[in-house]
Amino acid sequence: MPQDSKTRFDQELETRLMRYAAIDSQSDANSPTSPSTERQYDMLRLLEAELKDIGAEDVVITDYGTVLATLPGTAPGPTVGFLAHVDTAPQFNATGVKPRVIKGYNGGDITYPDNADLILSPVEFPYLAQKQGHDIITASGTTLLGGDDKAGVAIIMTAAKHLLENPEIKHPPLRLAFTPDEEIGRGVNAALPKDLAADFAYTFDGGEVGEIVYETFSADGAEILVKGVSIHPGHAKDKLVNAIHLASKIIQTLPQSVMVPETTDGHEGFIHATDMVGGSSEMKIKLILRDFEREGLAEKGEIVRKVCEAVAATEPRAEITCQITPQYRNMRYWLEKDMTPVDLARDACRKLGIEPMSVPIRGGTDGSRLTEMGVPTPNLFTGMQNIHGPLEWISVQDMALATELCLELVGLAVES
Ligand SMILES: [Zn+2]
């Protein structure tokens, strides 16, 4: 299928994404609740109603805020899951998203109605240059679009409706899940693998057409607590120990020109300081550690621990603790033992005339956690670009290819 031709799902995908993107469903890492924000229910309840409307079965919202549904099989085969997340990234304004569509993109600079200074340039973003003639959806200049991952939601809903309307299409039992809080790393509840009850699954949460990802970072979080000695500064001689100075020393001693996100790429991992808060009596530093390999990740944890120990040794009156918590693991560890889900997706991709590409992603997905918990879950392309910021955009025709991929895939999953 040539990429510039209009497809059978364009209109529905465009309408769905515009409708979903206008709903504010941003997650919030600082909230202790699950889901982290009440506003995610605006998406969850809408999807619950829409799934019932198109005739899906077993439609529920779980107490951890995930919408689940079944499309009964029309043929035998493994139960295949499809997931997308309803939350949008907390990193940028997501309130008052005004999506708009640029029909038949002319290949030039894209400007924004609500921000005269903002320009989306095909020179700066070469993938956009390939999309001449496509229908491009963007926000209006002051918010992100939220195609991450409402594009995934739109793709799964469009494919599901098509399958339910055409029961002659052969597919195995399918399970759908729309999860909250992916962007803050809390999308996969402990009960989800059992509740999803799929043999394997896919997230639609990837970028460029052809992307089939089964390799992600392995990730740990580190929290360093520095306790000084607090005394009135007027009577502090030989007594006060300033936690701010010690925390600064830790940051100064950690690698800064190597092993940081701003100087690494490809298969290299990093240590990244994300937060430093507190005062002279107590400081808290948060770091994220990332690597594709377990050994590399453990080594980064060791560096953080050693730096803490070294700084602690300079001031025995202070108390410095370092807690390292596992976050997620590279899904390749599990998938390389059984590549069936990846091979199915690759074959489906080739059937559409697209050469699949499997680039390791420098991040994690809900699939990283799910895979580790026993449901192998590679990540598939949606077309989303420049996510988490005002220049986010997506081609409707790319989304249509992802929808076709989903349909090819369920066909190939049927037991022959
Ligand atoms: Zn996403």
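The donor residues of the zinc ion follow the sequence spacing H-x62-D-x56-D. The model is a predicted one. The zinc ion takes its protein donors from His 85, Asp 148 and Asp 205. Besides this site, the briefing covers a pocket, the cavities and the cysteines.

**Zinc site**

- The four donor atoms subtend angles of 54 to 145° around the zinc ion, so the arrangement is irregular.
- For a tetrahedral label, all angles of the four donors would have to lie between 85 and 135 degrees.
- His 85 belongs to strand β3 (residues 80–85) and Asp 205 to strand β9, so this pair ties together parts that are 120 residues apart in sequence.
- Both His 85 and Asp 205 are buried.

**Largest pocket**

- The volume of the largest pocket is about 1900 Å³.
- Its lining is made up of 49 residues.
- Nearest the centre of the largest pocket lie Glu 183, Ile 184, Gly 185, Arg 290 and Tyr 328.
- Two or more lining residues come from each of β9 (200–206), β11 (218–227), β12 (270–278), β13 (282–291), β14 (319–328) and α10 (366–372).
- Strand β14 gives the largest share of the lining of this pocket, five residues.
- By class, the lining of the largest pocket has 17 nonpolar, 18 polar and 14 charged residues.

**Largest cavity**

- The count of cavities of 30 Å³ or more comes to two.
- The largest cavity has a volume of about 40 Å³.
- At least two residues of the lining come from β3, and at least two from β9.
- Strand β3 supplies the largest share, three residues.
- The lining of the largest cavity divides into two nonpolar, four polar and four charged residues.

**Second largest cavity**

- The second largest cavity has a volume of about 30 Å³.
- It is lined by Leu 71, Phe 82, Ile 156, Ala 159, Ala 160, Leu 163, Leu 174, Leu 176 and Cys 406.
- Helix α4 (147–165) and strand β8 (174–179) each give at least two residues to this lining.
- Of these, α4 gives the most, with four residues.
- The lining of the second largest cavity has nine nonpolar residues, no polar ones and no charged ones.

**Cysteines**

- The structure contains zero disulfides.
- Cys 349 is in no disulfide, and the nearest cysteine sulfur to its own, that of Cys 406, is 13 Å away.
- Seen from Cys 406, the closest cysteine sulfur is that of Cys 349, and 13 Å is too far for a bond.
- A disulfide would need the two sulfur atoms within 2.5 Å.
- Cys 349 is buried, with a relative accessible area of 0%.
- Cys 406 is also buried, with a relative accessible area of 3%, and this cysteine is one of the residues lining the second largest cavity.

Terms used
Residues numbered from 1 in each chain as written. Predicted model: local features only at pLDDT ≥ 70, side-chain atom pairs only at ≥ 80, totals over all residues. Heavy atoms only, no water. 1 Å grid on protein atoms, 1.4 Å probe; cavity = no way out; pocket = protein on both sides within 12 Å on 5 of 7 lines; lining within 4 Å. Points joined across faces, edges and corners; volume = space filled by probe spheres on them. Nonpolar A, V, L, I, M, F, W, Y, C, P; charged D, E, K, R; others polar. Donors = N, O, S within 2.8 Å, 3.2 Å for Na, K, Ca; no water. Tetrahedral: all angles 85-135°; square planar, octahedral: opposite > 155°, others 65-115°. Buried < 20%, exposed > 50% of the residue type's maximum accessible area, 1.4 Å probe, protein only.
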